Amino acid sequence: MATTIEAGYSQEIDAVVRFHGHFCPGLSIGIRAAQIALREIGAHSMDEEVVAIVETDMCAVDAIQFMVGCTFGKGNLLHLDYGKNAYTFIRRADGKSIRVMGKPRAFGENPEREAILTRIGAGTATLGDRQRFQELQRKRGLAILEAPEEELFVVKPVEPAIPARARLRASVECELCGESTMETRTRRVGGQIVCIPCFNQLDSRF
Ligand SMILES: [Zn+2]
Ligand SMILES: [Zn+2]
């Protein structure tokens, strides 16, 4: 399957699509949010640390990781499981912080899309439905890439709530499964130090 979305888009957007694995409206939202972050806050680099706090774990976050350079592994991507299309970017150097909040119903309603989605959910979608849905998703994704920013987002400065830097932490062995576990993630039960999965198993026995 070709991942190049359309002639005329930048190589950078093609690269984001390859990273994510497909082109979709959610990724487009992330690309637009990342562009705002790059303009207002700048990209993460060794000497200019940027932290992103994302309130969703959907497609958009991949664009933010790829374009802004905030990743789980570096500890400068934090996920709040709020299920919101909202992204906060913090520049550590001066604390400049913005929250990019997706506007509800930025694209209005599309009754055809909703009807197909309902059929997909009910398991009654035809092959034609699925093809049409792909086409509608692609159009929506392209429309998001081109929409005026103010139709998509509300961007507000926020008080910097700068999270502590990730630190190296000691690991210990879980006394039940023997697996090496970050000490701060262990639980103590009856004098034993156990990992969370082992703790949860113990817990379910009572
Ligand atoms: Zn996606
Ligand atoms: Zn364990």
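**A close look at helix α4**

Tutor: Start at the end of the helix: α4 is followed by G123, whose phi is positive, near 75 degrees. The model is a predicted one, and the values here are computed from it. Helix α4 itself covers residues 111-122. Its twelve residues reach 16 Å from the first C-alpha to the last, close to the 16 Å expected at 1.5 Å a residue.

Next, the cover. A residue would need 20 or more other C-beta atoms within 10 Å of its own C-beta to be called buried.

The partner is helix α5, residues 127-146. The two axes come within 10 Å and cross at roughly 135 degrees, which makes α4 oblique to α5. The crossing in which α4 passes α5 is left-handed. On the α4 side, the contact is formed by R113, I116, R119 and I120; on the α5 side, these meet D129, R132, F133 and L136. By class, the contact has four nonpolar and four charged residues, and no polar ones.

For another helix to set beside this one, take α2, residues 25-40. Helix α2 has 16 residues and reaches 23 Å from first to last C-alpha, close to the 22 Å expected at 1.5 Å a residue. Its buried residues include L27, I29, I31, A33 and A37. Just after α2 comes G42, with a positive phi of about 100 degrees.

Conventions. Residues are numbered from 1 along each chain as its sequence is written. Chains are lettered from A and ligands numbered from 1 in the order in which they are written. This is a predicted model: local features need pLDDT of at least 70, side-chain atom pairs count only at pLDDT 80 or more; totals for chains, interfaces and linings use all residues. Axes are lines fitted to C-alpha atoms, for helices over the stretch in contact, and angles run from 0 to 180 degrees between N-to-C directions. Helices (H or I, at least four residues) and strands (E, at least two) are DSSP runs, numbered from the N terminus. Angles under 35 degrees count as roughly parallel, over 145 as roughly antiparallel, 65 to 115 as roughly perpendicular and the rest as oblique. A crossing is left-handed if the near helix is turned anticlockwise from the far one by less than a right angle, and right-handed if clockwise. Two residues are in contact if their C-beta atoms, placed from the backbone, lie within 7 Å. Ala, Val, Leu, Ile, Met, Phe, Trp, Tyr, Cys and Pro count as nonpolar, Asp, Glu, Lys and Arg as charged, and the others, Gly among them, as polar. The expected span of a helix is 1.5 Å times one less than its number of residues. A residue is buried if 20 or more other C-beta atoms lie within 10 Å of its own, exposed if 12 or fewer, and partly exposed in between; C-beta atoms are placed from the backbone.
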